[in-house]
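I opened this model to look up a few things and noted them in turn. The entries follow the order in which I checked them.

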Amino acid sequence: VDNVVVVGAGLAGVRTVEALRGRGFGGRITLIGQERHRPYDRPPLSKSVLLGEADSSFVDTDLTALDVAFRPGVGAKALRAGVVETTEGEVGYDGLVIATGSEPIRLPGDGPQHVLRTLDDAHELRAMLVPGARVAIIGAGWIGAEVATAARRAGCAVTVIEAAATPLATAVGTEIGARTQRWYEGIDLRLNTMVRSVDEGGVRLVDGEFVEAHVVVTGIGVRPAVEWLADADIDLHNGVVVDEHLRASLPNTVAVGDCAAWWSRRFRTRLRIEHWDTALNAPEVAAATLLGEDAVYDPVPYFWSEQFGHMVQYAGHHPAGERLIYRGDPEGKWSAVWLAADGALAAVLAVDRPRDLVQGRRIIGAGHRLDAERLVDPEVSLRDC
Ligand code: FAD
């Protein structure tokens with residue numbers, strides 16, 4: 001290949017540009033991004049930026065030195081072999097990187113509904129988190145919990161509305177989710193509650209009740225941003241289907257980051273991971289694949305969240321686990337580990353116990369088995385279990 005087009009100028013897109021140049025690629029690279037900003041990191045948006053501790057989170061990269069034609073404010077509309085159709089005309093390629101990430105799901109209704117995906121979203125929302133403001137957050141997942149943290153800290157009257165029986169239920173299950181419920185002190189947490197629509201002045205619930213709010217934030221999840229590929233001759237199923245080399249079904253095409261559903265050798269299943277670490281590291285493999293090298297993406301997925309003063313970290317893939325074992329005090333620092341049927345560590349979730357995370361991630365990577373009896377003692381480090 002000597003003319004690469006990267007669609008999506010988020011972390012995965014820009015990291016792929018860096019990886020291509022790092023591997024000595026000297027051809028043309030065009031980076032197309034529909035946002036008007038240069039690439040930035042999203043995790044700070046619901047943390048330091050929303051808390052007012054930072055104004056931006058631009059990725060530390062030099063696009064000029066990378067010799068990339070960066071086209072901000074340009075959206076890809078469609079794809080046919082060798083050509084990306086954009087809002088500014090056609091762009092030809094002989095190597096394609098799909099890195100369009102994901103986009104928030106919205107709820108029905110005509111009322112003002114905020115989501116938190118972009119830097120502009122974060123600035124807009126931050127300006128509304130003022131003392132006394134009534135803020136309704138729909139969804140007690142990772143984003144909902146972080147927005148609730150910021151809103152409570154800003155002195156808002158916060159309601160969190162969640163369809164499941166506990167916070168974080170979709171992400172880590174209700175058993176663990178229930179352990180995080182105590183963090184919602186001072187927040188009106190409505191569980192098992194379904195929203196019908198976001199209306200002027202608040203949120204209408206399915207049972208008819210109206211929850212008044214000045215600000216409504218919807219944090220109910222994202223979907224891969226692949227609509228522009230709907231008519232293309234490429235396999236899509238929960239994102240762009242790619243193999244363990246991150247190669248898509250279309251020739252000379254790779255996909256990375258939130259939009260890519262890759263085959264995991266380790267867990268023998270297809271994974272689409274909407275987390276920062278994947279956007280950071282998968283691009284090395286995608287670039288190698290595009291340049292004809294033999295590289296495999298087979299990470300132990302990793303994720304973190306900062307909520308209500310706690311550092312929550314997760315590594316692995318818990319559906320591969322059969323037994324859940326807890327370590328530590330549920331009121332304080334604790335972790336949960338999932339063991340597979342053969343005793344191998346499948347996943348670890350650590351709350352303010354970073355060593356469990358680091359050691360657990362290594363153990364999962366090595367495929368080691370653990371002794372359940374020793375695990376329950378939080379004083380015994382994971383690597384000695
Ligand atoms: P994106 O960051 O979504 O970038 C894709 C880019 O492509 C976007 O700029 C988009 O506008 C653009 N694009 C989309 N469609 C088109 C098109 N048709 N044409 C042109 N451009 C297009 N992960 C963690 O691990 N820990 C965290 O604490 C954490 N916190 C987060 C907090 C927030 C508020 C958000 C939103 C995400 C958070 N994440 C976190 C997730 C992490 O940020 C994402 O996994 C990561 O941004 C994915 O990177 P990406 O480059 O694949 O996609």
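The model is predicted.

I looked up Asp-2 and found it in the segment before strand E1 (3-7). I listed its contacts, leaving out residues up to four places away in sequence: Asp-2 touches Phe-25, Gly-27, Arg-28 and Asp-94. I also checked Asp-2 against Ile-363; the two are 361 residues apart in sequence and 40 Å apart in space, C-alpha to C-alpha.

Entry, hairpins. I traced strand E4 (residues 76-80) to strand E5 (residues 83-86), which run antiparallel and are joined by 4 bridges. Ala-78 has Glu-85 in E5 as its bridge partner. The E4-E5 hairpin has 2 residues between the strands, and Gly-82 in the turn shows a positive phi of about 85 degrees. E5 then pairs with strand E6 (residues 89-92), antiparallel, over 4 bridges. Here Val-83 is partnered by Gly-92 in E6, and 2 residues make the hairpin link from E5 to E6.

Entry, ligand. How many residues surround the ligand? I found 32, the closest being Glu-35, Arg-42, Lys-47, Arg-117 and Asp-258. By class, I noted 15 nonpolar, 11 polar and 6 charged residues in the shell. The protein covers 94% of the 990 Å² of accessible area that the ligand has on its own. Domain 1 (3-103 + 223-290) and domain 2 (106-218) both give residues to the shell, so I recorded the ligand as lying between them.

Key
Residues are numbered from 1 along each chain as its sequence is written. This is a predicted model: local features need pLDDT of at least 70, side-chain atom pairs count only at pLDDT 80 or more; totals for chains, interfaces and linings use all residues. Side-chain values use heavy atoms; hydrogens and water are left out. Contact means heavy atoms within 4.5 Å. Two strands pair if DSSP finds at least two bridges between them. A residue is near a molecule or strand if one of its heavy atoms lies within 4 Å of it. Accessible areas come from the Shrake-Rupley method with a 1.4 Å probe; for residues, only the protein chains shown count as cover. Ala, Val, Leu, Ile, Met, Phe, Trp, Tyr, Cys and Pro count as nonpolar, Asp, Glu, Lys and Arg as charged, and the others, Gly among them, as polar. Domain bounds come from an automatic or database domain assignment.
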